[in-house]
Each structure stands twice: as C-alpha cells, then as structure tokens.
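Colleague: I would like to learn how to read a model of this kind, going from the whole chain down to single residues. Could you take me through it?

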Amino acid sequence: MLCVAAVSVPDAAAQAYPSKPIRIIALSSPGSGPDIVGRLIGSKLTEAWGQQVIVDTRPGATGIIGAEIAAKAAPDGHTLVIITAQAPIVSAMYEKLPYHLLRDFSPISLMASTPFLLVVHPSVAATSVRELIELAKARPGQFRYGSGGSGSPPHLSAEIFKSMTGIDIVHVPYKGVTPALMDTVGGQVHMVISVIPAALPTVRSGRVRALGVTSANRTPIAPELPTIAETVPGYEFIGWYSLFAPAKTPAGLLAKLNAEVVKALKTPEFQERLTALGAEPIGSTQRALAEFLPLQMEKMRKAVKESGARPD
C-alpha cells in the first residue's frame, strides 16, 4: 500500500498540473533569443493546458540573478527557466555563485541549437578555413578578431579555434557581437564569429566573406556553407536553448513538461520561428539534457581557462 501511495502522489500532481500561471525565467533582456523562445513555448503550453504562461526576463548580472530566483523557486513546475550556452560560461568565470547548474536544476528538454558563422573582411586573402589558418600562421599576431566581450560565445568559439589550430590572432572585445560584426564589415578587425541571422545579410551583400559554420554538421539554415570541422576535425561550438525546472520537481511533472515541449517543437510554426532566430529544433529527452550539460560545463571551463577570460 505504501508503494502504491508513493507512485500515486506524483501521478496525481502531474494530472492536476498546472493549477496556476506558469512563469518562465529568461536570463536575458526582452526581445532576446531566450525571451522569444520562452514566449513561443509559453504560447504552446497555454494552448495545451489553458493556463497563462508569463516570460520573466532577468538579464541582470549576466543572468545570475534570474538563475538564483529559479533555483530557489518552489519545485512544483510553475517556475521554469531557459538555460543557454551562456550559463556554463558564467559558471566557469565566477568562482562563487548562489546556485549550481547540476545540483539545483532538473532537466526538461534541450530545445534547440544555434550554430555560429566565421566571417572575414574581403581584404583577408582567404576563401576557406584552411587558407585562413595558413595565412594566420604566416603572419602571427597580425590578425584581429572581434567578439561580444570577454567570455562571450563569439570570444570562446574563436579561442577554441585558435587553440585547435595553433594560430596567433588578437582578441578585440566589444559590448555585443553586433558592433564587432560592423567593425569587421568596416575593416577595423579582420574576422568575427557571429550569430548567423546577423551575419548572413552582410555575407550575401558581399561586405564580408563566410568561411565556415561552427556546428559539427552543416546547418539547414545555410547548407551551402562548410563546417569549420571539415578542416579542423573535432571543432564544434554551438549556442543552445534548454528548459529546466528547480531541483526536486516531481518526476511526473517533468515528464509531462517534456512531452508537451517536444510536441510543440515539432510544429511548423515553432520551427519557422526558430529558423528566423538561426536555431535548429531538437526536443531532447530529459536524460539527454542531463548528459549534455556537464559536457558543456567542462568544455567551457577549459575554454575560459585557456583564454584567460574574466568578467567584464
């Protein structure tokens, strides 16, 4: 009887869920990718369950404030958080945080991935990743690359590229990847690894030259572009969007959330909006996300250490 009761309580909780509005915390500013993804998934959850879903944007302190709020929320499924590739970077850069990504959150689903694009100014005499590596090796310290700031994904993706190829290029940090891309267009820096939606218009207008995408496989967003990994085996750097709940959220609620999120990601509307963000839908199992996160944390820890990145 005790065993039956232990099983039936979580099941009953899942059946009654949600009993009030759901809050999804996005660790970034309004209008950002996480905010948009949160609103998309929120609308689908509202359609399925009839409860309002509110996206609460918390960009302060590189998302640390929002992550702490989510970690300390009641584990009843009514507070969720979108965790992106930035969170493992933050965990690697700050020695003491009021939460731990592995201990304080329960995985729901890896929702989407976002490859980046390596572009160079047309004056750079390289039309491929291989030619860029050869040119940089012949002229050590003479090429400058822009990024969205110390420890940002464009910074660490370039640093991993630099480490794996043995080239010597100089980092020029900006307050965001957009000004770094614009200075690449203007020739103030020679290259940048940018989010694809921002970079593609400048590529197609001929103002910069695309050399490769950072994902392990070619992206359907721009299938004509080769991967960096085709020249540098093993190279991969992606952005990603995932959904978590506070630790100790009942398993039944997590399974119910996972099923509805994966279902939503398969809809043409959701996939079309993700493509506009430069993202590719995934919709993973809880276990896949639980295995994915520690690997990303270790990769970012190593990249931060080797780059010497510090909080701006």
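Predicted model: local features only at pLDDT ≥ 70, side-chain atom pairs only at ≥ 80, totals over all residues.

Colleague: What percentage of the residues of the chain count as buried, and what percentage of the contacts between residues at least 6 apart in sequence join residues at least 24 apart?

Modeller: Of the 312 residues, 51% count as buried. As for the contacts in the chain between residues at least 6 apart in sequence, 78% of them join residues at least 24 apart.

Colleague: Let us turn to helix packing. What describes two packed helices?

Modeller: The general idea is that two packed helices are described by the angle between their axes and by the distance between those axes. In this model, helix 2, residues 33-49, packs with helix 9, residues 251-265, at an angle of about 115 degrees and with the axes 10 Å apart. That angle makes helix 2 roughly perpendicular to helix 9, and helix 2 passes helix 9 in a right-handed crossing.

Colleague: At what angle do helix 6 and helix 11 pack, and how far apart are their axes?

Modeller: Helix 6, residues 153-165, and helix 11, residues 286-307, pack at an angle of about 75 degrees, again with axes 10 Å apart. That makes helix 6 roughly perpendicular to helix 11. The contact is made by H155, L156, E159, I160 and S163 on the side of helix 6, and by K299, M300, A303, V304, E306 and S307 on the side of helix 11. The residues of the contact of helix 6 with helix 11 divide into five nonpolar, three polar and three charged.

Colleague: Now single residues. Is S147 buried or exposed, and which residues is it in contact with beyond its neighbours within four places in sequence?

Modeller: S147 has its place in strand 5, residues 143-147, and it counts as buried because its relative accessibility is 0%. Leaving aside neighbours within four places in sequence, S147 is in contact with S152, P154, H155, H171, V172, P173, Y174, G176 and A180.

Colleague: And where is V119, and how far apart in space are V119 and I193?

Modeller: V119 is in strand 4, residues 105-120, and it counts as buried at 0% relative accessibility. V119 and I193 are 74 residues apart in sequence, while their C-alpha atoms are 6.3 Å apart in space. Not counting residues up to four places away in sequence, V119 touches a list of residues that includes L181, T184, M191, V192, V203 and A210.

Colleague: What about S43: how far is its C-alpha atom from that of I221?

Modeller: S43 has its place in helix 2 and, at 31% relative accessibility, counts as partly exposed. The C-alpha atoms of S43 and I221 are separated by 24 Å, and the two residues are 178 residues apart along the chain.

Colleague: Finally, what should I know in general about phi and about peptide bonds when I check a backbone?

Modeller: Most residues other than glycine have a negative phi, and most peptide bonds are trans. In this model, a cis peptide bond joins Y17 and P18, with omega about -5 degrees, and P18 lies in the loop between helix 1 and strand 1.

Colleague: Where does A61 lie, and what is its phi?

Modeller: A61 is in the loop between strand 2 and helix 3, where it has a positive phi of about 55 degrees although it is not a glycine. At 44% relative accessibility, A61 counts as partly exposed. K248, likewise a residue other than glycine, has a positive phi near 75 degrees; its place is in the loop between strand 9 and helix 9, and at 77% relative accessibility K248 counts as exposed.

Definitions and conventions:
Residues numbered from 1 in each chain as written. Heavy atoms only, no water. Axes fitted to C-alpha atoms, helices over the stretch in contact; angles between N-to-C directions. Helix = DSSP H or I, 4+ residues; strand = E, 2+ residues; numbered from the N terminus. Parallel < 35°, antiparallel > 145°, perpendicular 65-115°, else oblique. Left-handed = near helix turned anticlockwise from the far one by under 90°. Buried < 20%, exposed > 50% of the residue type's maximum accessible area, 1.4 Å probe, protein only. Contact = heavy atoms within 4.5 Å. Nonpolar A, V, L, I, M, F, W, Y, C, P; charged D, E, K, R; others polar.
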